[in-house]
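Good morning. I will go through a few local features of one model, so please have the sequence and the structure open.

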Amino acid sequence: MTDHKDILVQCTRCRNKHKESERIAMPSELGKTLVCPRCGCKNYYDMTPQVAWCWASGLIEMGDKEQVPEGGIVVAHGPKAFLKGVLTAAARHG
C-alpha cells in the first residue's frame, strides 16, 4: 500500500492507533476498502498534529505547526480529528 499517505490514524471502534499504510484492503461492493488491522472497522480518526491560531479580528484558522503566520496567536493544538470540534464549541461560548 505505497499509494497512501503514511499518517497516524485511530480506529473509531477499537481505538487502535496505527498508520494508514497498515490498514488492510478488504473487498466490498465499491471495490476495495481499507479496514483496521485489529477489528476490521472502516472508519478512523485522522490523528495528524494540527495547530489553531487566531487573529486580532477574531478569525480562527487551523494548519500545520509550520504554517502559523507572523502575528497569529496560537490558541490550541492537538489531533486534526478533534481540534475542529473543540474550537467550534469554544468559539460559540466565547
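Strand β3 (residues 24–28) and strand β4 (residues 31–35) run antiparallel and are joined by five bridges. Two strands count as paired if DSSP finds at least two bridges between them. Strands here are DSSP runs of E with at least two residues, helices are runs of H or I with at least four, and both are numbered from the N terminus. With two residues between them, β3 and β4 form a hairpin. One of the bridges pairs M26 with T33 in β4.

A word on the source: this is a predicted model, where local features need pLDDT of at least 70, side-chain atom pairs count only at pLDDT 80 or more, and totals for chains, interfaces and linings use all residues. Residues are numbered from 1 along each chain as its sequence is written, and side-chain values use heavy atoms, with hydrogens and water left out.

Next, N16, in the loop between β1 (8–11) and β2 (17–19). Is N16 buried or exposed? N16 is buried, at 13% relative accessibility. Buried means under 20% relative accessible area, exposed over 50%, and partly exposed in between, with a 1.4 Å probe and protein chains only. Leaving out residues up to four places away in sequence, N16 touches V9, Q10, C11, C36, P37 and R38; contact means heavy atoms within 4.5 Å.

Last, the aromatic rings. A search of the whole structure gives one aromatic pair. Y45 and F82 form this tilted pair, 5.0 Å centre to centre with 50° between the planes. Rings of Phe, Tyr and Trp (its six-membered ring) pair if their centres lie within 6.5 Å; planes under 30 degrees apart are stacked, over 60 edge-to-face, and the rest tilted. The pair links distant parts of the chain, 37 residues apart: Y45 is in strand β5 (residues 44–46) and F82 in helix α1 (residues 80–93). Y45 is partly exposed at 26% relative accessibility, and F82 is partly exposed at 36%.
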